[in-house]
Amino acid sequence: QVQLVESGGGLVQPGGSLRLSCAASGSIFEINTMGWYRQVPEKERELVAHITRGGTTTYVDSVKVRFTISRDNAKNTVYLQMNNLKFADTGVYYCFVNVIRGTQWGKGTLVTVSS
């Protein structure tokens, strides 16, 4: 299996920035797409962004322009740069990787946007 360790969450003011990181270890050769889901209070879990092994990115409409997903295959790490954060971005962000047999998940990192 693949093990995922997330970091970078925290408390920021509206308009601020955070960078989330997710480092993968284990069966790294099985990894295809990597990305981030988030669980926002009072809403369903949603896919925020994902990136293929070749670097093709996809974003949910609400974060386009503001967020940037990237990955460093040599370090087996995926990042989510979050700029101009809004109250609606508050939630727990979960890293995931798609592998041959399914999906592996991190434990989540909390992002709180508050004034």
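The model is predicted: local features require pLDDT of at least 70 and side-chain atom pairs count only at pLDDT 80 or more, whereas totals for chains, interfaces and linings use all residues. Residues are numbered from 1 along each chain as its sequence is written, and side-chain values use heavy atoms, with hydrogens and water left out.

Within the sheet, strand β3 (residues 18-26) pairs with strand β8 (residues 77-82) in the antiparallel sense over 6 bridges. Leu20 has Leu80 of β8 as its bridge partner.

Antiparallel pairing also links strand β4 (residues 34-39) to strand β5 (residues 46-51), here over 5 bridges. The bridge partner of Arg38 is Glu46 in β5. These two strands, β4 and β5, form a hairpin with 6 residues between them, and Glu42 in the turn has a positive phi of about 70°. On to β6 (residues 57-59), β5 pairs in the antiparallel sense over 3 bridges, with His50 opposite Thr58 in β6. The hairpin of β5 and β6 has 5 residues between the strands, and its Gly55 adopts a positive phi near 105°.

Arg71 belongs to strand β7 (residues 67-72). This residue is buried but has no salt bridge, and the nearest side chain of opposite charge, that of Asp72, is 8.3 Å away. Here, buried denotes under 20% relative accessible area, with exposed over 50% and partly exposed in between (1.4 Å probe, protein chains only). Lys and Arg count as positive and Asp and Glu as negative, while His and the chain ends are not counted; a salt bridge is a side-chain nitrogen of Lys or Arg within 4 Å of a carboxyl oxygen of Asp or Glu. A polar atom of the Arg71 side chain lies 2.9 Å from the backbone oxygen of Asn32. Beyond its neighbours within four places in sequence, Arg71 is in contact with residues including Ile31, Thr33, Ile51 and Val78, contact meaning heavy atoms within 4.5 Å.

Notes:
Helix = DSSP H or I, 4+ residues; strand = E, 2+ residues; numbered from the N terminus. Polar contact = N/O pair within 3.5 Å; in protein donor to acceptor, adjacent residues only side chain to side chain. Pairing = 2+ DSSP bridges.
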